[in-house]
Amino acid sequence: MSFVPVTGRAVFRPAQPPRDSAVEFVDSRRSVSLPMRAALPVLKKAYAASDLHPSVALVASAAHLGLRFVAAGQLEPADGSWAVRYTPEDEERVRLLASSRAYDDLDGEAAELLVREVVAAVADAVPTSAPKASGSGAFRESLQTRLARYRTDEGPVTASLPSLVRLSFRVEAPEEDLLVGSLTLVPQVHDEADPLHVADAARLWDEEDADHGFGPRARTHAQVALRGAAEAWPVLDRLLDQPVPSSLTLAGDEVAGLLEDGVEWLKERGVDVLWPRSLSRDLTTSVAVDRVASSSTDAREDLMRESPLGEKGLFAFQWQLALGGEPLDAAEMDALAAAAGPVLRLRGAWAVVHPSVLRRARKRLLKRISGGEALAVALTGQVPTEVAEAAPGEKVIIGASIGRLRDQVIAATEGPAVEVPDGLKATLRGYQVEGLTWLAGITSLGLGGCLADDMGLGKTLMTIALHLHRQNERPGPTLVVCPASLLGNWEAELARFAPDVEVRRHHGAERDVEGASGVVLTTYGTMRRDAELLSAVPWGLVVADEAQHVKNASSATAKALREIPSRARVALTGTPVENNLTELWALLDWCVPGLLGSRLAFRRAWASQIEAGADVGKAKEFAALVGPFLLRRRKSDPGVAPELPPKTETDHLLSLTREQTVLYEAYVRDAMARIERLDADDPQRRGLVLSLLTGLKQICNHPAQFLKQEGGRIVGRSQKIDLLDELVSTVLAEDGAVLVFTQYVAMARLLEAHWAASGVEHQFLHGGTPVPERSRMVERFQGGEVPVFMLSLKAGGVGLNLTRADHVIHIDRWWNPAVEDQATDRAHRIGQTRTVQVHRLITQGTVEERVAELLQRKRVLADAVLGGGEAAFTELSNAELRELVKLGPQKRRKRRRIAS
């Protein structure tokens, strides 16, 4: 099948019955269409290959899964065809395969449908067709007749028939067969009652052989076992065509198939393949990762000391093979690479070599990799499949240089505490000293890391201390990139805690970094525009504050940030993952390039499995890999912030007014009618779903917001307004202060008009608020001049210290709890002396309450594994969407205490 263009694309053509489906292989020069049964050998080879088009990889993986179902006997008759009998675990395997193999031209839902169609075609194509009329088909015809007696609707016959014998295959390797690269399989039967009683299966067909010692029904049971073996490995179909199944000679390509798939598939059916001692299989493989030899050793050593991840090709994988524990020499490797098949002579004896070993021997695998990729292998002891074609469980040999780097990374993150710099005008808490020690250790190696402490634990202070510490050992300017709203905060913190450090703001009309020293502050927007200018400065450290702004690695801002070279990089964020683990990949791939591989490889190897919860151990392995480069502490952690007062969270469950109820039901009815008229993959559907969710949340807030009414009556039309007035009046009566968050500027404008009429002193900060005015607003609130501070959730959720507030009110719910928590932490942070009470206003029986329940479950998930936010709801089916937005029963107002 070498003519099949598997390096191109694969197009699956489903048909009825499924066995008539075909696979078309297409490249720029030709296309070949094969029926499923003929396509299976090609797909089996493609499954073990690398550098394939995603369409080929998906179809090959689906075919491999289908063959596993067949081998396990999970077949049942269905309308004249064979169909797979799925278990709940199998359903999850299908979904996981589809999500991990989906690609740009095929989303997860379409990929899952394709996987199921390919599995159905394989399941129907692999079992042998109808028996032949006469001649050599007599044995098969007899077997079919006997099997019919046992066939039921409960499953495959091989699973329903109790067995008196067990089947195995003995490999015979006479010299004349070995010379042409072939082997012979001899079926054997074992007495289940006496495992030591073994005989060739052919003796059961010899009417004159009365001494074989098996009962009269053993022949029937041997037939059933042979049939099951042929279902597991279809090459054995030829045995079923023999009048007496005595032996089967395998050609070179069939020997390769036996080694690659047959042994495993037969073992799953309980059928062993027994190899002769004269045929060596004692070949062990390993992958070594180490530095690449170079004539400019000194230059590379300097580079290694400066930044071990600074140059692609600094390290390489080298594949190795040993026989009997002794590595093969160059001549033996040449002989292995030149072998026409898996049977060859090595060191004067015959050996059988796995096809995957032969493939790699022919490639002479030596792949240059980055230092980040090498470090990942050193930390995990595993070779990524996209980097090298390592076999499962294959030994990985870590070279001395990368081993030293691994040990240095571990020591840097677990070493003794560093001294607080003399120039720091602050006393660091214990956990802050630990943070400084971690930052200093990881950046001293030329690496980077993500400091992901909870908001309010002093990430800015620790970073300032890091800058001062590095000036003693590696002098150089530090570039801080942050949102425009935080420029003033950084300037104030530097002036307070490091007054001797030169601070330059690179923002606005005058921008010049020539001769930069100390700390240079700039915004993400300015950095994007001035990336070339900033890249000319030899930065000692680049810091990305509120680094979630570059969680999309393909954005222009993230790409510009990656262009700026530096000795080390640090990302600061309280929410390393807002929606999915790919956001964490974007941050760490900037901090430690190559550590997690490419984005697509990361999705396949880590994110899809962890987010699906398919493998609990996978999350632990991932934590071990990223642990040295990600430091996350919570306020609730023991010893982190014992002086921080408690936080009480309350959900206030409210009812809709009559006006809101009419609007809600009418909007659901009209919107769902439009949505249900569209196909599931229609791009307009996504927009309509998002509009539906937004409209319902606005109705839950206040009818005037949804209807876009300006002026008019506010009170009495929404219980949220009534309760908000109660809460604010109580806070003001107790001489307190309150933060009010909403994601809608229109809702805030309604409240501004309402409070202006009722005389409540307040102020409103949103995305359009100028930076100087933003600072003045904070000063007025902290000074007690304005007790009610209303903020838009995204604009006011980061970079503000508002410890004057002892109450936080969330009028409407954001789709991600991490964003809400970040907003709450404007008040619940170091410096707060009073208990912070958090109020969330939720309308009962609406989409708000159902989403609130989902968000509460998200909070108990493992750190940093969250769902897809608002966009995830657009993937719901019509029935699921209707269940989410339907209006449930309304009850009297009540409160639900969440935590204290």
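Let's start on the surface, where Asp107, Glu109, Asp679 and Asp681 gather in a patch of negative charge. One member of this group, Asp679, is found in the loop between α25 (658-676) and α26 (683-701). Asp679 counts as exposed because its relative accessibility is 54%, and the cut-off for that label is over 50%. Please keep in mind as we go on that this is a predicted model.

With that starting point in place, step back to the whole chain. The protein chain has 34 helices and 31 strands. Of its 900 residues, buried ones make up 54%. The chain exposes about 38,900 Å², and carbon and sulfur atoms supply 51% of that area. Contacts across the sequence are worth a look too: among those between residues at least 6 apart, 71% join residues at least 24 apart.

Now to the charged pairs. The structure holds 33 salt bridges. One of them links Arg19 with Asp124, with the closest N and O atoms 3.2 Å apart. Arg19 lies in the loop between β1 and β2, while Asp124 belongs to helix α4 (residues 108-125), so this pair ties together parts that are 105 residues apart in sequence. The two partners can also be described by their accessibility: Arg19 is partly exposed, with a relative accessible area of 32%, whereas Asp124 is buried, at 2%.

As background, most peptide bonds are trans.

A salt bridge within a single helix comes next. Arg93 pairs with Asp90, and their closest N and O atoms are 3.6 Å apart. Both sit in helix α3 (residues 88-101), and because they are three residues apart there, about one helical turn separates them. Arg93 counts as partly exposed, at 37% relative accessibility, while Asp90 is buried, with a relative accessible area of 4%.

Asp453 lies in the loop between β18 (449-451) and α17 (459-473), and Arg633 in the loop between β24 (630-631) and β25 (647-654), so the pair ties together parts that are 180 residues apart in sequence. Asp453 counts as buried, at 0% relative accessibility, and Arg633 counts as buried as well, at 8%. Salt bridges can also share partners, and in this way Arg68, Glu264 and Glu268 are joined into one network.

What about a buried charge without such a partner? Asp191 is buried yet has no salt bridge. The nearest side chain of opposite charge belongs to Arg166, and it is 9.7 Å away; a salt bridge needs the nitrogen and the carboxyl oxygen within 4 Å. Asp191 lies in strand β7 (residues 183-191). Not counting residues up to four places away in sequence, Asp191 touches Leu164, His197 and Phe214.

The backbone deserves a visit as well. Most residues other than glycine have a negative phi. Glu546, although not a glycine, has a positive phi of about 50°. Its place is in the loop between β22 (541-545) and α21 (556-563), and Glu546 counts as buried because its relative accessibility is 4%. Lys708 is not a glycine either, and has a positive phi of about 55°. Lys708 lies in the loop between α27 (703-707) and α28 (719-733). At 68% relative accessibility, Lys708 counts as exposed.

Our last stop is helix α21, where Glu563 is found. Glu563 is exposed, with a relative accessible area of 52%. Leaving aside neighbours within four places in sequence, Glu563 is in contact with Ala531 and Ser535.

Note on methods. Residues are numbered from 1 along each chain as its sequence is written. This is a predicted model: local features need pLDDT of at least 70, side-chain atom pairs count only at pLDDT 80 or more; totals for chains, interfaces and linings use all residues. Side-chain values use heavy atoms; hydrogens and water are left out. Helices (H or I, at least four residues) and strands (E, at least two) are DSSP runs, numbered from the N terminus. Buried means under 20% relative accessible area, exposed over 50%, partly exposed in between (1.4 Å probe, protein chains only). Lys and Arg count as positive and Asp and Glu as negative; His and the chain ends are not counted. Contact means heavy atoms within 4.5 Å. Patches are made of residues with over 30% relative accessible area and no salt bridge: like charges are joined within 9 Å, nonpolar side chains (Val, Leu, Ile, Met, Phe, Trp, Tyr) within 5 Å. Accessible areas come from the Shrake-Rupley method with a 1.4 Å probe; for residues, only the protein chains shown count as cover. The place of a charge is taken as NZ of Lys, CZ of Arg, CG of Asp or CD of Glu.
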